Structure formats: C-alpha cells, structure tokens
Amino acid sequence: LRDKKALSPVHRGDMSARQMKRVIRSIMFLKTKFDGMGRFEKIKARLVANGAQQDKTLYPDTSSPTASTQALMMCLVIAARENRKAAAIDIGGAYLNAERTGEEVFMELEPGLAKILAKVAPEVRPYLDEKGRLLVKLDKALYGLLDSAKLWYDKLTSTLRDMGFVHNDVDPCVMNKMVNDKQITLVVYVDDILALSEDMGA
C-alpha cells in the first residue's frame, strides 16, 4: 500500500456493474520462518490474489520463461572452468516491482484482513463498507494473478537490458554483459538470480 504502492483503495459506490462482476478475492498466507539453528525467526505473511477467479480469455499470453536445467548446468560448468565467483540474488517482493498493464483488476479484502490493514494504514478507513470489507485496485503484479509472472519477467529483463545485459541465443533466461573484459552471466529463475563472474566487483 505504501512502500510498493501495489494497491489503491476504492469506494464500492464508484464501481461500475462490470467492474463489480470481476472483483476477485484475496488470500493471506502465513509461514513460520526459522534460522539455521532451528530457532523461531519470524512469521512471514503474503497477500495473494485469487487468480482462479479471473477471466482467462482476457490474458492470452501469461507464459513466463525460467532458466532450463541444461542452461543452468552449462553456466556452472563454464563458471567452474573459468574459476568464476558465484552470488545468489533474491529480490524481495519481486512481483510488486512490476506495474500492471491492460485490464484493471479489483480485489476484495475480507473484514478481518481489512480491519488489520485499517489499524496500520488509517487512510483506508473511509473506504471500508458497512460490512467492514475493503475493495482495492491492483496497481502492481500481485502474486496469484494470471499475468503476474509474465509482467515481472518483462520488467526484470527490460531493466537488465537497460543495464547492458544481452539475452543468450539459446536460453532467454541467461543474460550476459562484458565489463572490463570480464563476462558477467546472470541466470534468471522467477525472482531468483544466479550471478557468475571472475570479478564480482565489475
């Protein structure tokens, strides 16, 4: 709502009949996280949209490639032969960095979840209906939506291309860039990236 600006509250009365017909539900997943010693660390929450309620005919292309096992193994063989260093890059809340395009998507937060949100973000209180529910417009590629994986892949690879990385001809999820005569290879798997280079300072 604030940091990622992934959703915007809307008044139910401002919605058209067509928009109301396409409102989807939200789902909240909770997961207990433990550290390497098995000690409790935190409870991780993820708000997910119920993409199963979306009209699939509105999203003809939802495919998002991920690196093949063969491409990954080949990159690791090359890295071992050239004595490259490896680094894993995890992008937190990755999908929420990708803006939504095309068809508008509206989601309803049930009263319990809306009440919690209203406590930490009082600005949504005027948008609660008489039953305590909250309608929001999804502005970013929220997890669970039919096209979120593709929107994220397009955003990530577009950003990497702007930085000078070039897609491998065989696997579009392998990207390379030459810096100071050293090749940097990135292997993209959804929201995780494996970086391989002789010089990580490049």
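**View 1. The whole chain, for orientation.** This is a predicted model, where local features need pLDDT of at least 70, side-chain atom pairs count only at pLDDT 80 or more, and totals for chains, interfaces and linings use all residues. Residues are numbered from 1 along each chain as its sequence is written, and side-chain values use heavy atoms, with hydrogens and water left out. The protein has 4 helices and 10 strands; both are DSSP runs numbered from the N terminus (helices are H or I with at least four residues, strands are E with at least two). Walk along the sequence and you'll read β-α-β-β-α-β-β-α-β-α-β-β-β-β. The C-alpha trace spans about 65 × 45 × 25 Å along its principal axes. Of the 202 residues, 37% count as buried (buried is under 20% relative accessible area, exposed is over 50%, partly exposed is in between, with a 1.4 Å probe and protein chains only).

View 2. In general, strands of a sheet pair through backbone hydrogen bonds, either parallel or antiparallel. Between β2 and β3 there are 5 residues, and G38 takes a positive phi near 85 degrees in this hairpin.

**View 3. A patch of positive charge.** On the surface, K31, K42, K44 and R46 gather in a positive patch. Patch residues have over 30% relative accessible area and no salt bridge, with like charges joined within 9 Å and nonpolar side chains (Val, Leu, Ile, Met, Phe, Trp, Tyr) within 5 Å. A salt bridge here is a side-chain nitrogen of Lys or Arg within 4 Å of a carboxyl oxygen of Asp or Glu. Strand β3 (residues 40-49) gives the most to this patch, with 3 residues. K31 lies in strand β2 (residues 24-34) and counts as exposed because its relative accessibility is 53%.

**View 4. A nonpolar patch.** M28, L30, F34, F40 and I43 form this one on the surface, and together they have about 560 Å² of accessible area (Shrake-Rupley method, 1.4 Å probe, with only the protein chains shown as cover for residues). β2 and β3 are the elements that give two or more residues, and β2 gives the most, with 3. Look for F40 in strand β3; at 52% relative accessibility, F40 counts as exposed.

**View 5. The open sheet.** Here 5 strands pair antiparallel in the order β4-β10-β9-β8-β7. The edges are β4 (85-90) and β7 (166-167), each pairing on one side only. Inside the sheet, β9 (residues 182-189) and β10 (residues 192-197) share 5 antiparallel bridges, and V188 stands opposite I193 in β10.

View 6. V170 is found in the loop between β7 and β8 (174-179), and V170 is exposed, with a relative accessible area of 78%. Now try the loop between β8 and β9, where you'll find N180 and D181. Most residues other than glycine have a negative phi. Still, N180 has a positive phi of about 50 degrees, and D181 has one of about 65 degrees. N180 counts as exposed at 61% relative accessibility, and D181 counts as exposed at 74%.

Notes:
Lys, Arg positive; Asp, Glu negative; His and termini not counted. Charge placed at Lys NZ, Arg CZ, Asp CG, Glu CD. Pairing = 2+ DSSP bridges.
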